[in-house]
Amino acid sequence: MMKLEQYIQTLFTPEDVEYQKINEGMTEIGMPTISVSPETGKLLSMLVTISGAKNILEVGALGGYSGICLLRGNPSAHLVSLELEESYANVAKKNVEEAGFKGQVTYKIGPALSSLENLSNEKEKYDFFFIDADKGNYINYLDCCIELANPGAIIAADNTLWNFEVLNENSTDESTISLRRYNEKVANHSKLESILLPIGDGLTLARVK
Ligand SMILES: C[S@@+](CC[C@H](N)C(=O)[O-])C[C@H]1O[C@@H](n2cnc3c(N)ncnc32)[C@H](O)[C@@H]1O
């Protein structure tokens with residue numbers, strides 16, 4: 001019998017040329033191949049389309065695959081992408097341009113928390129957020145995203161099942177504990193309507209009321 005992931009990928013995301021190209025390119029230069037799964041990417045595209053988001057912010061660019069998926073959802077949207085590593089942001093920029101989205105992404109290099117603080121001081125507002133960076137800061141990123149959100153904005157966070165480790169209440173792994181706290185906070189937040197989808201490595205979705 002097929003695995004669930006394989007079944008979904010075979011039917012709904014049989015061949016994402018960009019995904020393969022980006023992963024091969026990252027492998028060649030020694031970058032980690034930890035982009036979102038193609039099915040999570042497809043869901044991100046659909047969520048952007050459905051929500052009509054025009055101003056998008058992502059935390060964690062890596063090689064640009066999730067950025068491409070977000071922009072596929074609205075090819076005239078603008079994306080602000082926060083990335084710690086300048087060399088990664090350069091790879092992402094090149095891949096995003098080759099995918100046809102030249103000039104549509106602004107990369108902010110450095111710790112995402114500092115970049116988010118700057119955006120807040122500049123009174124920027126966004127319709128869609130994608131959190132996919134250091135797990136220990138997910139809760140801090142959530143607070144910043146809520147502050148930067150337009151009413152009705154969507155906040156999506158990846159890896160929130162963490163290979164199903166979040167189900168293990170006895171886990172002492174720091175990332176697992178942070179992700180469990182993130183899910184609990186989102187689930188109980190008075191300003192959010194939320195759900196966790198078991199797609200890819202888990203995608204927690206929240207809508208800012
Ligand atoms: C899982 S990867 C992002 C994958 C990307 N979203 C995709 O699917 O194509 C996580 C990224 O977050 C970046 N990162 C880690 N800590 C960070 C921080 N404190 N601030 C900004 N970026 C950070 C890493 O350098 C890495 O590129």
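Helices here are DSSP runs of H or I spanning at least four residues, numbered from the N terminus. In this predicted model, Glu39 is found in helix 3, which covers residues 38-51. Although Glu39 is buried, it has no salt bridge, and the nearest side chain of opposite charge, that of Lys42, lies 10 Å away.

When residues up to four places away in sequence are left aside, Glu39 touches Glu5, Ile8, Gln9 and Thr13, together with Ile199 and Gly200.

## Cysteines without disulfides

The count of disulfides in the model comes to zero, where a disulfide would call for a pair of cysteine sulfur atoms within 2.5 Å. For Cys69, the closest cysteine sulfur belongs to Cys145 and is 18 Å away, which is too far for a bond. For Cys145, the closest cysteine sulfur is that of Cys144, and because the separation is 6.8 Å, this pair is likewise too far apart for a bond.

## A nonpolar surface patch

On the surface, Met2, Tyr7, Leu11 and Phe12 form a nonpolar patch, and together these residues have about 430 Å² of accessible area. One of them, Leu11, has its place in helix 1, which runs over residues 4-12. Leu11 has 48% relative accessibility and therefore counts as partly exposed, since that class lies between the limit of under 20% for buried residues and that of over 50% for exposed ones.

Note on methods
Residues are numbered from 1 along each chain as its sequence is written. This is a predicted model: local features need pLDDT of at least 70, side-chain atom pairs count only at pLDDT 80 or more; totals for chains, interfaces and linings use all residues. Side-chain values use heavy atoms; hydrogens and water are left out. Helices (H or I, at least four residues) and strands (E, at least two) are DSSP runs, numbered from the N terminus. Buried means under 20% relative accessible area, exposed over 50%, partly exposed in between (1.4 Å probe, protein chains only). Lys and Arg count as positive and Asp and Glu as negative; His and the chain ends are not counted. A salt bridge is a side-chain nitrogen of Lys or Arg within 4 Å of a carboxyl oxygen of Asp or Glu. Contact means heavy atoms within 4.5 Å. Patches are made of residues with over 30% relative accessible area and no salt bridge: like charges are joined within 9 Å, nonpolar side chains (Val, Leu, Ile, Met, Phe, Trp, Tyr) within 5 Å. Accessible areas come from the Shrake-Rupley method with a 1.4 Å probe; for residues, only the protein chains shown count as cover.
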